[in-house]
Amino acid sequence: MLLCSDPCTVNSRKVLAGLDQMKADYKQNYINYFTGEHKSESFIKINPHATVPAATDGDLTLTESVRSRCVTDFVAR
Ligand SMILES: N[C@@H](CCC(=O)N[C@@H](CS)C(=O)NCC(=O)O)C(=O)O
């Protein structure tokens with residue numbers, strides 16, 4: 001998995017902390033939030049929402065740092 005993030009942002013930190021906890025194997029692609037790299041043409045191709053973090057794994061792209069459907073996730077367990 002490739003994680004595109006800038007550790008200065010809270011949503012990136014959430015993911016980085018979670019991956020660290022899980023001792024996940026991933027590569028880091030630093031996206032400079034303060035220079036607006038998350039709005040660059042190359043990054044928009046990865047995440048059209050122009051937000052960090054975003055992660056790619058093969059054809060899969062993930063652009064949410066937290067679960068947006070916590071209740072349904074809980075019920076589905
Ligand atoms: N729903 C996304 C939101 C991510 C998000 O908003 N990230 C902020 C940084 S913490 C961002 O990239 N904002 C874009 C901007 O400020 O232009 C998530 O939970 O990961």
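**Figure 1. The hairpin of strand 3 and strand 4, with Gly58 at a positive phi.** In this predicted model, the hairpin has 2 residues between its strands, and Gly58 takes a positive phi near 65°. Strand 3 and strand 4, the latter formed by residues 60-62, run antiparallel and are joined by 3 bridges. Among the paired residues, Asp57 has Leu60 in strand 4 as its bridge partner.

**Figure 2. The antiparallel pairing of strand 1 and strand 3.** Strand 3, which comprises residues 54-57, also pairs with strand 1, in the antiparallel sense and over 3 bridges. Within this view, Cys4 stands opposite Ala54 of strand 3.

**Figure 3. The parallel pairing of strand 1 and strand 2, with the crossover between them.** Strand 1 (residues 2-5) and strand 2 (residues 27-30) run parallel and are connected by 4 bridges. One of the residues in this pairing is Leu2, whose bridge partner in strand 2 is Lys27.

**Figure 4. Helix 1 and the residue Lys23 just after it.** An α-helix has 3.6 residues a turn, so residues three or four places apart point the same way. Just after helix 1, Lys23 takes a positive phi of about 50°.

**Figure 5. The chain as a setting for the close-up views.** The chain contains 3 helices and 4 strands, and these elements follow the pattern β-α-β-α-β-β-α along the sequence. Of the 77 residues in the chain, 17% are buried. Among contacts with a separation of 6 or more, 54% join residues 24 or more positions apart. Strand 1 takes part in two of the pairings shown above: with strand 2 it runs parallel, whereas with strand 3 it pairs in the antiparallel sense. Strand 3, in turn, is joined to strand 4 by 3 bridges.

Conventions:
Residues are numbered from 1 along each chain as its sequence is written. This is a predicted model: local features need pLDDT of at least 70, side-chain atom pairs count only at pLDDT 80 or more; totals for chains, interfaces and linings use all residues. A residue is buried if 20 or more other C-beta atoms lie within 10 Å of its own, exposed if 12 or fewer, and partly exposed in between; C-beta atoms are placed from the backbone. Two residues are in contact if their C-beta atoms, placed from the backbone, lie within 7 Å. Two strands pair if DSSP finds at least two bridges between them. A crossover is right-handed if, with the strands pointing away from the viewer, the path from the first strand over the helix to the second runs clockwise.
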